[in-house]
Each structure stands twice: as C-alpha cells, then as structure tokens.
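This report summarises computed properties of one structural model. Please consult the sequence and coordinates shown here alongside the text.

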Amino acid sequence: PGFSPTGGPHAISHASRAAIFCTNTASTTQAASPRSEGLALMLDDGTRKSHSVAENTAFVTGFFRGIASPESFAQLVASLYFVYEAMEACFDACEDPRVCALDFPELRRRAALERDMAFFHGPNWPESVRPTPATRAYVEHIRRVARDRPELLVAHQYTRYLGDLFGGQMMGGMAQRTLGLQGGQGTAFYQFEGIPDTKAFIDAWYARLNAQPFDPAARAAIVDEGNRVFTYNIALFEELEGAWWRAAWALAVRGLADWDARVNAQWGLRV
C-alpha cells in the first residue's frame, strides 16, 4: 500500500517515491536486514557460485587494466540497450502482480541507454546498430521467460537492476576517467538520479521481494534463473575486446551479495 510501482495519474516524483519507499521500510532494515532471510537470502547465497566462476587471475587483472577501447564500450552500450529494451517491454506487458510489485520507474534504464546510444553511435543508431549473437540469445531468452514463466522475471530484476545500481558509481566513474567523458556524457545508464540513497533503496527492494507470495518451488526456480541470467551476461561481455566489463559487472554483483562487509572498504562507494 502507499503507491503503485508503475506510477499513475497522481504519481509523485520519482525522487519522492524512492524516498518514501526507503522510509517506509526503515524500521525493518534497522531491526534486521531483509537480506538475512527469505528469497533475498536465497538469491544472494544461491548465485554466489556463479559470481565465483569468473573470478580468476586473468579476470581480476583485466579489471585493473581498464577499458580496452572506446569501441568495446560502445558495443557494451549497444548490447545493454537491446537487453533492457526487451526486459522493460516484458515488464510493461507482465500481469503477474509479484513482478509488478518490484518494478520501479527509478530502476528503468531504457531511456538512459537511448541517450548513450545517440552519444556513441549517432542520431541514426536505430537504423544502423544491430544486436550481436550473444545479445540476441539473451533477448530471446528474456522473451521466452516472459511468455512461459513470467514470475522468473524477478531474477532478471535482481541480477541486472540491483547489480547496476550497486556498481553504477564504480563502473560509470571508471568509464568517464578512462575514456575522458565529460559531464556524464555516454554514461547515463549508470546514473540513477531518482534514487537518493542506494543502500536504503536496495535494502527496501529486498524487503518487498521477501513479501511476495512465492512458494518454495517458485523460489528455487527464481534462484536457478538468476544463475542462468549471470551466464547470459558473461557471454555478452566475452564478445567485447578485453575482460574489463565482464570483470566489473561480476565484481559489482558479487559485491552486492557481500554488501555489508565489503562496500566502503573495497570501493569507497557513497551508499
């Protein structure tokens, strides 16, 4: 109760909505982290193995080497655009109230990616840019899930949106410094302007996740789908020149799973 996750004729501003969302669950997050129970805990624990699969010496070395080239970053932006366009179209069409309850305008990325696409690929990008093979496979999978088992879209919300929100400051900042981007140009994807407090929002999202009526079989299937989404993302990043973005994204998602112990010490994020 309080507001619709997709807004409406009387919807308040995104920033105010996010602030209310976090405030309404403040007492819960202070008493006990929602990440210590329920589906939130299952997702964090159940996807740790996927996070660690990619963690090897070459992987971490690639992370610290930095972005391979502006071309590889432009390709990443294009791949992300097609993935998010498919995801968010499926969210718009979804009638499962559990999925809708976790869908917030503050998290949506398509409009931001359209700005980044215009920056890197020019004004005619809708006619000139096409998805790569790994991106097409990812998009087809999203559409299959939305058609056959829409409740599993929750795993896509968890794996992509929360990873992007958690790692956005790090990844966007690295891109700006390495590629010499000014004023946030080309990195709108990593800027969540409607979310004033990242940690509070993520904790509150987890609390709402735990409140959804999934039975044990559905919870297990969502965890399995989270691991599957991770595999699709690794394939997407492996198409790029160099391992940096694969490393950055995986470390961001793993950091999300280990939030409390790692966040300030390792990356110095303002959360």
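## Surface and burial

Of the 271 residues in the chain, 54% are buried, meaning under 20% relative accessible area.

## Basis and confidence

The model is predicted: local features need pLDDT of at least 70, side-chain atom pairs count only at pLDDT 80 or more, and totals for chains, interfaces and linings use all residues. Residues are numbered from 1 along each chain as its sequence is written, and side-chain values use heavy atoms, leaving out hydrogens and water.

The chain has a mean pLDDT (the predictor's confidence in each residue, from 0 to 100) of 79, and 70% of its residues reach 70 or more. Confidence is lowest in helix α5 (residues 57-65), with a mean of 37, and highest in helix α7 (residues 97-100), at 98. The pLDDT is below 50 over residues 55-66, a stretch with 17 contacts beyond near neighbours in sequence; a contact means heavy atoms within 4.5 Å. Residues 260-271 also have pLDDT below 50, with 23 such contacts. Where pLDDT is low, the predicted coordinates should not be read in detail.

## Fold and core

The chain contains 15 helices and zero strands, taken as DSSP runs (helices H or I, at least four residues; strands E, at least two) numbered from the N terminus. Among contacts between residues at least 6 apart in sequence, 83% join residues at least 24 apart.

The largest nonpolar core has 61 residues, of which L76, Y84, L107, W205, L209 and I222 touch the most other members. Such a core is a set of buried Ala, Val, Leu, Ile, Met, Phe, Trp, Tyr and Cys residues joined through side-chain atoms within 4.5 Å. Elements giving two or more residues to this core include α3 (38-46), α11 (153-179) and α13 (216-238), while α6 gives the most, with 13 residues.

Technical notes:
Buried means under 20% relative accessible area, exposed over 50%, partly exposed in between (1.4 Å probe, protein chains only).
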